[in-house]
Amino acid sequence: MSGINKNDTINLISKLSAPRLLNGIKVLTSFYVSRITGKPIQWGLPVSISFEPTTSCNLRCPECPSGLRAFSRPTGMLEKDFFKETIDDIHRHLLYLIFYFQGEPYLNPAFLDMVKYASSKKIYTATSTNAHYLNDDNAKKTVESGLDRLIISIDGTTQDTYKQYRVGGQLDKVLEGAKNIIKWRKELNSKTPFVFFQFLVVKHNEHQIEEIKKMAKEIGVDEVRFKTAQVYDYKKDPNQLIPTIDKYSRYKKNADNNYVPKNKLANRCWKLWHANVITWDGLVVPCCFDKDATHQLGNLKNESFKNIWYNSNYKQFRAELMKSRKNIDICANCSEGTSVWKG
């Protein structure tokens with residue numbers, strides 16, 4: 001299974017329009033002009049946006065703020081009317097909508113209605129789920145919603161292994177949900193959603209890498225993606241999550257026998273030019289590593305998206321990133337370029 005699927009790529013390209021293509025060119029050009037000049041220049045609007053359906057979750061994963069119930073920001077649900085208003089404002093230039101941030105999207109009762117609305121605007125839609133709510137009815141509605149990509153988090157091929165990270169989870173429900181999606185995709189003669197298993201490689205499951213590939217093939221899942229784990233207290237790794245297989249780890253041991261991130265932080269980040277994140281209650285934050293929304297660049301309940309994208313807060317953040325990225329807290333654990341795709 002490869003990291004690029006022809007049908008999925010064709011589907012994404014089919015969402016392009018003249019305004020979206022022109023916007024993408026503007027964004028890419030401004031990024032390289034910024035690198036050359038050393039000044040944060042921004043042309044165009046985001047190509048991709050992450051919208052948070054909810055901060056609630058049914059599981060208690062040890063390195064997740066939702067799972068740990070450790071947010072300092074409020075827990076809540078994205079309101080459908082607010083979502084529609086925002087999409088109406090930005091859809092003309094928006095190509096890709098990532099429908100998750102923190103939490104389990106299917107806990108929001110209006111989730112699939114919102115997916116359907118975004119799909120009606122010919123936006124490529126993707127979501128990530130722990131698949132505990134993909135019963136037969138929800139699986140059918142998911143396919144009917146027009147969702148383009150469904151990421152199913154599955155971090156073990158046996159219940160004993162799976163539950164060590166997905167605390168409170170049931171592997172049989174995940175597998176049943178995946179089978180339901182594949183069944184309804186076939187029955188409805190739909191090419192979407194493109195479905196892949198996302199396997200977070202940690203020490204206790206690294207021996208099951210080959211097994212998850214076999215399991216995915218048997219079910220009919222399109223792809224398996226192996227992801228490196230973000231560990232908050234990585235210096236000591238108290239939860240003993242960091243794998244022994246080097247290529248699946250974000251960290252390496254230094255001379256003091258402590259872990260340090262492999263990724264060297266260059267003073268640039270493409271995400272700050274082409275994407276951002278909107279929390280369930282309308283806060284605009286730089287990227288998915290700002291899980292607690294500590295770097296609030298604006299509030300969509302108070303001003304338009306365009307005003308926020310070009311405001312002084314954004315300019316200052318981009319400038320700081322280009323000057324000294326290592327001093328920005330959310331960048332310290334950044335995995336840009338470290339996710340691993342293997343077949």
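Helices (H or I, at least four residues) and strands (E, at least two) are DSSP runs, numbered from the N terminus. The model is predicted, so local features need pLDDT of at least 70 and side-chain atom pairs count only at pLDDT 80 or more, while totals for chains, interfaces and linings use all residues. Residues are numbered from 1 along each chain as its sequence is written, and side-chain values use heavy atoms, leaving out hydrogens and water.

View A. Rings of Phe, Tyr and Trp (its six-membered ring) pair if their centres lie within 6.5 Å; planes under 30 degrees apart are stacked, over 60 edge-to-face and the rest tilted.

**View B. An edge-to-face pair between two strands.** The count of aromatic pairs comes to 14. Phe199 and Phe226 form an edge-to-face pair, 5.8 Å centre to centre and 75° between the planes. Because Phe199 lies in strand E5 (residues 194-201) and Phe226 in strand E6 (residues 223-228), the pair ties together parts that are 27 residues apart in sequence. Phe199 counts as buried at 0% relative accessibility, and Phe226 counts as buried at 0%.

**View C. An aromatic cluster.** Phe51, Phe82, Phe83, Phe99, Tyr106 and Phe111 together form one aromatic cluster.

Conventions
Buried < 20%, exposed > 50% of the residue type's maximum accessible area, 1.4 Å probe, protein only.
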